[in-house]
Amino acid sequence: MLTESELRAASLAQRQSGLVTRSDLIAAGMSSATISRRVERGELIRRRPGVYAFAGTPALVQQQLVAEVLSVDPRAAASHDSAAHLWGLITSEPQEFHVVVRRWRREIRTTARVHESLDFVPKDRVWKDGIPINTPTRTIVDLGATSKWLVEAALSRGLRSGILDIAEIEAFVRRVARRGRRGVGEIPPLLEVHTV
């Protein structure tokens, strides 16, 4: 029989691809000692520092991505190629996980490529299939910092499928445009092609 705190934590884990953070477990009512005992008994499996799966939860690629995001910061999101692939904007699987966060504490070790962005705000982050992820609009602008052909193909695909909206992209570009903001400069010329 699960305790009330375990039920709360399990409910949250269902929404996060089977994962919970140490903070989630403590907020659900588990003590540090209880967490340690659960890890020792194999009831909680450590996936990343401070990120756990309940025993029996399969370790899928999706779960690995969520573990990377949550280990960086609970407010982070999958970004760049990782987000573009999840939204169906690109077909090739990314070679590495990409995560965006407003500020990153560098003492946290991660195998993901972490992008800091001061213009990353809560409305840029949504949940898709249990994964905290950039919105499609933010994703396409962030892709502009990678390669021109990739963002061009992703933009065309997103507009055809209806995932992307030109007016939303233009508004986002206006919101984040500043000197040195990578990715923004590639977008307006590409939008012009689609509005002619």
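**Helix packing and buried spots**

Mentor: Let's start with a pair of helices: α5 and α6 are oblique to each other. Keep in mind that this is a predicted model.

Trainee: What angle do α5 and α6 pack at, and how far apart are their axes?
Mentor: The angle is about 135 degrees, and the axes of α5 and α6 are 9 Å apart. As for handedness, α5 passes α6 in a left-handed crossing.

Trainee: And which residues make the contact between α5 and α6?
Mentor: From α5 you have His 80, Asp 81, Ala 83, Ala 84 and Trp 87. From α6 the partners are Pro 136, Thr 139, Asp 142 and Leu 143.

Trainee: How do the residues of that contact of α5 with α6 divide into nonpolar, polar and charged?
Mentor: Five are nonpolar, two are polar and two are charged.

Trainee: Staying on α5, how many of its residues are buried?
Mentor: Six of its eight residues, so α5 is described as mostly covered. The buried ones are His 80, Asp 81, Ser 82, Ala 83, Ala 84 and Trp 87. Just after α5 comes Gly 88, with a positive phi of about 80 degrees.

Trainee: Is Ser 79 buried or exposed?
Mentor: Ser 79 counts as buried, because its relative accessibility is 0%.

Trainee: Which residues does Ser 79 touch, leaving out those up to four places away in sequence?
Mentor: Ser 79 touches His 98, Val 99, Val 100, His 115 and Asn 134.

Trainee: Back to α6. At what angle does α6 pack with α8?
Mentor: α6 (residues 136-143) and α8 (residues 166-176) pack at about 60 degrees, with axes 9 Å apart. α6 and α8 are therefore oblique to each other. Their crossing is right-handed.

Trainee: Who makes the contact there, on α6 and on α8?
Mentor: On α6, look at Thr 137, Arg 138, Ile 140 and Val 141. On α8, the residues are Glu 168, Ile 169, Phe 172, Val 173 and Arg 175. The contact of α6 with α8 divides into five nonpolar residues, one polar and three charged.

Trainee: New topic: which residues of α3 are buried?
Mentor: In α3 (residues 32-40) the buried residues are Thr 34, Ile 35 and Arg 38.

Trainee: Why do the buried residues of α3 line one face of the helix?
Mentor: Seen down the axis of α3, they fall within an arc of 100 degrees, so they line one face.

Trainee: Now zooming out, how many helices and strands are in the chain?
Mentor: The chain has nine helices and eight strands. Its C-alpha trace spans about 65 × 30 × 25 Å along the principal axes.

Trainee: What share of the chain's residues is buried?
Mentor: Buried residues make up 47% of the 196 residues.

Trainee: One last thing: what part of the contacts with a separation of 6 or more comes from residues 24 or more positions apart?
Mentor: Those account for 55% of such contacts in the chain.

Methods:
Residues are numbered from 1 along each chain as its sequence is written. This is a predicted model: local features need pLDDT of at least 70, side-chain atom pairs count only at pLDDT 80 or more; totals for chains, interfaces and linings use all residues. Side-chain values use heavy atoms; hydrogens and water are left out. Axes are lines fitted to C-alpha atoms, for helices over the stretch in contact, and angles run from 0 to 180 degrees between N-to-C directions. Helices (H or I, at least four residues) and strands (E, at least two) are DSSP runs, numbered from the N terminus. Angles under 35 degrees count as roughly parallel, over 145 as roughly antiparallel, 65 to 115 as roughly perpendicular and the rest as oblique. A crossing is left-handed if the near helix is turned anticlockwise from the far one by less than a right angle, and right-handed if clockwise. Contact means heavy atoms within 4.5 Å. Ala, Val, Leu, Ile, Met, Phe, Trp, Tyr, Cys and Pro count as nonpolar, Asp, Glu, Lys and Arg as charged, and the others, Gly among them, as polar. Buried means under 20% relative accessible area, exposed over 50%, partly exposed in between (1.4 Å probe, protein chains only). The arc is that of the directions from the helix axis to the C-beta atoms.
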